[in-house]
Amino acid sequence: MHDPNRGSAGPLEVALVLRLRAAGCVFAEDEARLLVGSGLRGAELEHLVQRRVMGEPLEHILGWVDFCGLRLAVGPGVFVPRQRSALLVECAAEVTPEGATVLDLCCGCGALGAALAYLVGGIALHATDISRDAVGLARENLPAGAQCYEGDLFGALPAALRGTVHTLLCNSPYVPSDQLRTLPPEARLHEPRATLDGGADGLDIHRRVAAEARAWLRPGGHLLFEVSDEQETAGLGLLQEQGFRAWSRDRAEMGATVVIGRAPA
């Protein structure tokens, strides 16, 4: 995250770096720069710093996240897009033609769909999430013409969408339930459990999606999931069980693993 080409930090920024480091913030220099860059000073800035020192996600404090070069609104009670999910967007772009129909399940603030629409021209984008707060932010972040629905997975989608989807991307929760306690406090305490907890092996939602996806995909359409590296083999297996031709991509330096399935033509 650190930019070596930046000029020297001012006294205020240097002081904030020390406080953030002491609070355990890994990217203290970058966070201090963003907080100072908010334009707030005095008591207002101090309020933001105190929230961060207490463990609240910086993105919730600032009200936005930088994802795939886009500045997207995000807020309390909504999952913060992780930078590793850029690989999921990249993989989706590789299999999505211009003008395709795209479905972003578990869309959160709409980051994946917005980024894919930025990379691939003219897509007809649909998104859905079970959280009303997330859907509100997604409608703010998604490009004009995109449709966003509130509901559980496929439940809120219009029937006319069945059998028409070229690309279905889904960044559903995949942390095994017994590992939630190991997450950083900013995730464990400030993001909804439903956006993190993937059940006993982390793949409960993936199984539900894979079981229903072929009814919504067009022949030869693609389904893409993000998983952990430990779940890669199991993720490929659950796609194969549903009749998909499956493969995976990973990028170790990002901690990112994506499994991809192609429906029969």
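This is a predicted model: local features need pLDDT of at least 70, side-chain atom pairs count only at pLDDT 80 or more; totals for chains, interfaces and linings use all residues.
**Entry 1, the cores.** I began with the largest nonpolar core, which has 36 residues. I looked up which members touch the most other members, and they are Phe67, Leu72, Leu116, Leu142, Cys148, Leu224 and Val258. Next I listed elements that each supply at least two residues of this core: the strands β1 (64–67), β2 (70–73), β4 (124–129) and β9 (256–262), and the helices α5 (86–95), α6 (111–119) and α7 (132–141). I noted another core, lying apart from this one, with 27 residues, including Leu157, Leu161, Leu239 and Val259.

I then took Phe67 and left out residues up to four places away in sequence. Phe67 touches Leu72, Pro81, Arg82, Gln83, Ser85, Ala86, Val89, Ala111, Leu112 and Ala115.

I checked helix α2, residues 28–37, for buried positions and found Ala28, Asp30, Glu31, Ala32, Leu35 and Val36. These buried residues pack against α1 (11–22), α3 (42–53) and α4 (58–62). Just after α2, I found Gly39 with a positive phi of about 85 degrees.

I placed Asp104 in strand β3, residues 101–105. I did find the backbone nitrogen of Gly113 at 3.1 Å from a polar atom of the Asp104 side chain. Leaving out residues up to four places away in sequence, I list Leu112, Gly113, His126, Ala127, Thr128 and Leu169 as touching Asp104.

Conventions: Residues are numbered from 1 along each chain as its sequence is written. Side-chain values use heavy atoms; hydrogens and water are left out. A nonpolar core is a set of buried Ala, Val, Leu, Ile, Met, Phe, Trp, Tyr and Cys residues joined through side-chain atoms within 4.5 Å. Buried means under 20% relative accessible area, exposed over 50%, partly exposed in between (1.4 Å probe, protein chains only). Helices (H or I, at least four residues) and strands (E, at least two) are DSSP runs, numbered from the N terminus. Contact means heavy atoms within 4.5 Å. A polar contact is a pair of N or O atoms within 3.5 Å; within protein, one must be able to donate a hydrogen and the other to accept it, and residues adjacent in sequence count only if both atoms are side-chain atoms.
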